Amino acid sequence: MLGLRAPWVSSVLRRHAAVVPDFVRTTLEGPQPNKLLTLVIINDGSRVLLGRKKRGFGEGYYNGFGGKVEAGETVRQAAERELLEEACITAEDMTEAGVLVFTFDDNPQPWEVHVFSASRFRGEPTETDEMAPVWFNHMEVPFNQMWADDVHWYPAFLQQKYFCGVFGFRETTKLVWHTLEEGEVQVAPEMA
Ligand SMILES: COc1nc(N)nc2c1ncn2[C@H]1C[C@H](O)[C@@H](COP(=O)(O)OP(=O)(O)OP(=O)(O)O)O1
């Protein structure tokens, strides 16, 4: 597995060896480099700005704003571009909030999603072809209309604790296994 968090993922596979589903292990140990994606959530302290995805992967779900990292872009540049394209706003204080690694039983490529948080932005959140922005109070985040992983990492996100998670999905949307760690992930070379 090639990815920005590859040593940490290898250590997860070792530590959870007895319970990791086969498709999660074979995907993470397979030859495909991670597909890099971004996800930006505006959090003003009491509310989060999410978008209802209007088309494509995750259509109908509420999510942060983001997408694939394109050739020649850094992850941060991709996050800024996708936020502008999908919500018409520019974050002023974007920080790294966590990393999510997704595996799917019907896709041999792991996905590595870099989650960013921002509290201030320029512009007015505006509906685009891809997303319809909506503010939600922290206590009213619509987890029943979101990806199944979200309920597991939002608590850390809202408490501004850095998080790293690995998630296994069957049939694209059914979450069958996950692990989540809070705090900066430091992996000593001998653990990699
Ligand atoms: C599988 O679980 C997921 N959970 C969450 N919370 N978010 C996810 C999950 N899988 C993907 N995402 C996020 C990551 C990205 O922000 C989007 C997907 O981006 P998309 O496929 O729309 O990428 P674009 O580059 O915008 O694609 P097009 O230009 O081809 O529309 O969802």
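**Figure 1. Order of secondary-structure elements in the protein chain.** From the N terminus on, the elements follow the order α-α-β-β-β-α-β-β-β-β-β-α-β-β. In total, the protein chain has four helices and 10 strands, where helices (H or I, at least four residues) and strands (E, at least two) are DSSP runs numbered from the N terminus. The model is predicted: local features need pLDDT of at least 70, side-chain atom pairs count only at pLDDT 80 or more, and totals for chains, interfaces and linings use all residues. Residues are numbered from 1 along each chain as its sequence is written.

Figure 2. The C-alpha trace of the protein chain spans about 45 × 35 × 35 Å along its principal axes. The radius of gyration of the protein chain is 16 Å, which agrees with the value near 16 Å for a compact globule of 192 residues; this radius is taken over C-alpha atoms, and the globule rule is 2.2 Å times the number of residues to the power 0.38. An unreviewed UniProt entry places the feature "domain: Nudix hydrolase" at residues 13–159, an annotation that may be inferred rather than shown by experiment. Over residues 13–159 the chain is 22% helix and 35% strand, with the end C-alpha atoms 27 Å apart.

**Figure 3. The shell around the ligand.** The ligand is surrounded by 16 residues, the closest being Phe57, Gly66, Gly67, Lys68 and Trp147; a residue is near a molecule if its C-beta atom, placed from the backbone, lies within 6 Å of it. Strand E1 (residues 35–43) supplies the largest share of this shell, three residues. By class, the shell residues divide into seven nonpolar, six polar and three charged. Ala, Val, Leu, Ile, Met, Phe, Trp, Tyr, Cys and Pro count as nonpolar, Asp, Glu, Lys and Arg as charged, and the others, Gly among them, as polar.

**Figure 4. The largest nonpolar core and Val115.** This core has 44 residues, and Val40, Leu100 and Val115 have the most contacts inside it. A nonpolar core is a set of buried Ala, Val, Leu, Ile, Met, Phe, Trp, Tyr and Cys residues joined through C-beta atoms within 7 Å. Not counting residues up to four places away in sequence, Val115 touches Leu39, Ile41, Ala97, Gly98, Val99, Leu100 and Phe157; contact requires C-beta atoms, placed from the backbone, within 7 Å.

**Figure 5. Val101 in strand E5.** Val101 lies in strand E5 (residues 95–104). Val101 is buried, with 27 other C-beta atoms within 10 Å (20 or more count as buried, 12 or fewer as exposed, and numbers in between as partly exposed). Val101 and Lys35 are 66 residues apart in sequence and 9.6 Å apart in space, C-alpha to C-alpha.

Note on methods. Contact = placed C-beta atoms within 7 Å.
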